[in-house]
Amino acid sequence: MSTLIVGGIVFAILAFAAYRTYKNRKENPCSCGCSGCGSSCKK
Amino acid sequence: MSIVIALAGNPNSGKTTLFNDLTGSSQYVGNWPGVTVEKKEGRLKGNKEVVVQDLPGIYSLSPYTLEEVVSRNYLINERPDAIINIVDASNLERNLYLTTQLMELGLPVVVALNMMDVVEKSGDTINAAKLSALLGCPVIEVSAVKGRGVKELVQAAIEAAQSKTACEPRHLFEGKVEESIDQIEAILRDNTPLSNLRWHAVKFFERDQSVAENVPLPNEAAARIESLITACEDALDDDSESIVTNERYTYITKHIKGILNKKSSSNITTSDKIDSIVTNRVLALPIFAAVMFVVYYLSISSIGGMMTDWVNDALFGEFVPGYAEAALESLGTAEWLNALILDGIIGGVGAVLGFLPQMLVLFLCLAILEDSGYMARIAFIMDRIFRKFGLSGKSFIPILIGTGCGVPGIMASRTIESENDRRMTVITTTFIPCGAKLPIIALIAGAIFDEAVWVGPVSYFIGVAAIILSGVMLKKTRFFAGDPAPFVMELPAYHMPRLKGVLLSTYERGSAFVKKAGTIILLACALIWFLSSFNGSFEMVDAEESLLASIGNLVAPLFAPLGWGNWKAAVATFTGLVAKENVVGTFGILYGMEEVAEDGVEIWSTLRADYTPLAAFSFLVFNLLCAPCFAAIGAIRREMVTAKWTFIAIAYQTSLAYVAALIIYQLGLAFTGGGFTPWAVIAAILLAFIIYMLLKAPYDPSNLKGRQAKELCQH
């Protein structure tokens, strides 16, 4: 049971990280995520 | 209905600082011209109906470079509801040149006299009311850095936008010129419905082709305009563009006398005095080298090193894994889940985050250098060296920006007019170590070289050397041949770094690094852990029998001549393509950082056992120079436009990295008595080829014949 709960939390965190990565790439296609290149730019 | 306000002004006049102030954004602000190369949009704080557009800096509405085209096209085609013209009040005359052009666009304009704090400090005064009367638009005194006058400025801009009353362009030109422009205006009025007739008339007078192409005129009208221009040119004995430029400056000089009162007649400022030493022909380079040595010494070896040791040894070495393991044991979770959390996530992400203190110190030092005005001098100093090799110092601005991150560095290459120089700059920009490469430098310095002080500065100078050597070699090929573009750069005045600005810049870069560690690096670490823990049948196995080892062993022989042909180093290099920090994260997982910490053994000692100092240095050089992360490759693709040039860039970077690492390792091995292999012969031949390329005569297009020469001329 504890494996299920902890595993669920870990995979939820990983899923959120994947979503944030995808969102960042979509919004800033030429950004690596740092403040220097966090500006929006068109594809 | 929303209101659109555009921020327009000269480069480095404070547009982005004002933009951040107005919108609450945190766009990167650099203390040198050419930082903003794309327009950026934000909404006004407290009034989301107002859209603010930050435009790249322009000196005039006659664009020469790509980012200047962005600004002009926006102002002409998109026609914002109002323009805030940010004027650097400490350089009033030069900045008003653009103002005289903006007034002709037929849009409401509000002039923001920025940097008034600098003007007041120098004892000079500007009569804003008189300037407003002269220009025929509101003039507001502001200090974007201190937030002074910003509310009044916004209010004036909103009122101007709502009134929809365009500024009445002042007739700046004298006699014959004004007469010709009036007549061109009349011809245009008869033939085409244009809202900003005055501006179009002036542009037609200047023979601006890009404007003329968009305004179709009957042949007869075009011929009449041409005859008017020719008559004026004959009368004034100058070309029409120069006539207009001279007239504008004459107008400004004539009227500014009663507006700007200078306290001191002396032209020697404190900045000039500092520059006489810092940019001195003899002292400039040693000072630059000393400054960068101190920066890397502080960030990697001393302050940053001490803090990183604590974070690595205590926080991510004992505290976090210790508590996490105890918690997982008490919960009785499955072994694979414990391994994922402890070895994959804590081991991988913790290894990367361990270098955060060093990165923060580096970002702090760079922010201080930048805000003080010294960074801009480095481009000036490098121009002297670059020029000797046929390169332009203009290429160094993207490289300076690249010390933070390669992506904006690559994008900043747009400020370079020459296509050849621009492509060459895109190829070489990522040779300079970006923030993400610092953990790799710090890892090698700490794990292999006992935190030797020379590793950091040497890594930086290897980047600079790779840029110079590449520039010299590439310039001798027909793809990049040509005279260096002239480099004129306005050096910002020195000032004491502002604590708030420096800390904010450091915080933003640091927090972005943490966010990156929590997203893409976390994902990469989980994937690497999975691949290094399971085999093809999805059974948990030792790393040496894992899927990752199988993949790594396929590519590892490629790197054997460089001295690090084991699969772990090969895999780390490839994961660096996702984000350079992943090189460290991968080592953290594969060398069992978490297990090492449990044993109480010094962190990274297992890594040291696998690499000789020479092999580790070769690994460092390869990873500093090889293809950058995917985000930067994407930026290269965007700037190069074609897949062919993107491929050339990546192939060149990777080849140079391979050759440099091969020479270092093989010749290093031969000279230190480590052995002489056939690879050493190849390394010697490659070194000889590089020397030949450096000494070779410059490429001469006149030697070409026929089609090849024609193609080059067209290019």
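How much accessible surface does chain A have, and what share of that surface belongs to carbon and sulfur atoms? The accessible surface of chain A comes to about 2,600 Å², and 68% of that belongs to carbon and sulfur atoms. Areas here come from the Shrake-Rupley method with a 1.4 Å probe, and for residues only the protein chains shown count as cover.

Some ground rules before going on. This is a predicted model, where local features need pLDDT of at least 70 and side-chain atom pairs count only at pLDDT 80 or more, while totals for chains, interfaces and linings use all residues. Residues are numbered from 1 along each chain as its sequence is written, chains are lettered from A and ligands numbered from 1 in the order in which they are written, and side-chain values use heavy atoms, with hydrogens and water left out.

Let's stay with chain A for a moment. Chain A has 1 helix and 0 strands; helices (H or I, at least four residues) and strands (E, at least two) are DSSP runs, numbered from the N terminus. Of its 43 residues, 40% count as buried, where buried means under 20% relative accessible area, exposed means over 50%, and partly exposed is in between (1.4 Å probe, protein chains only). M1(A), L4(A), I5(A), I9(A) and I13(A) make a nonpolar surface patch of about 560 Å². A patch is built from residues with over 30% relative accessible area and no salt bridge, with like charges joined within 9 Å and nonpolar side chains (Val, Leu, Ile, Met, Phe, Trp, Tyr) within 5 Å.

D234(B), D237(B), D238(B), D239(B) and E241(B) form a negative surface patch. For the bookkeeping, Lys and Arg count as positive and Asp and Glu as negative, with His and the chain ends not counted; the place of a charge is taken as NZ of Lys, CZ of Arg, CG of Asp or CD of Glu. E241(B) belongs to helix 11 (residues 240–256) of chain B and counts as partly exposed at 30% relative accessibility.

The background is simple: an α-helix has 3.6 residues a turn, so residues three or four places apart point the same way.

Now for the salt bridges. E185(B) pairs with R189(B), their closest N and O atoms being 3.9 Å apart. Both lie in helix 7 (residues 175–191) of chain B, 4 residues apart, about one turn of the helix, and E185(B) is buried at a relative accessible area of 13%. R423(B) and E419(B) form another salt bridge, at 3.5 Å between the closest N and O atoms. They too are 4 residues apart, about one helical turn, in helix 20 (residues 419–429) of chain B. R423(B) is buried at 12%, whereas E419(B) is partly exposed at 34%.

R608(B) lies in helix 29 (residues 605–610) of chain B and D450(B) in the loop between helix 21 (438–447) and helix 22 of chain B, so the pair ties together parts that are 158 residues apart in sequence. R608(B) is partly exposed at 32%, and D450(B) is exposed at 59%. Salt bridges that share partners also join E178(B), D182(B), E185(B), R189(B) and R198(B) into one network.

Finally, a look at the backbone. M115(B), in the loop between strand 5 (109–114) and helix 4 (116–121) of chain B, has a positive phi of about 60 degrees although it is not a glycine.

Definitions and conventions:
A salt bridge is a side-chain nitrogen of Lys or Arg within 4 Å of a carboxyl oxygen of Asp or Glu.
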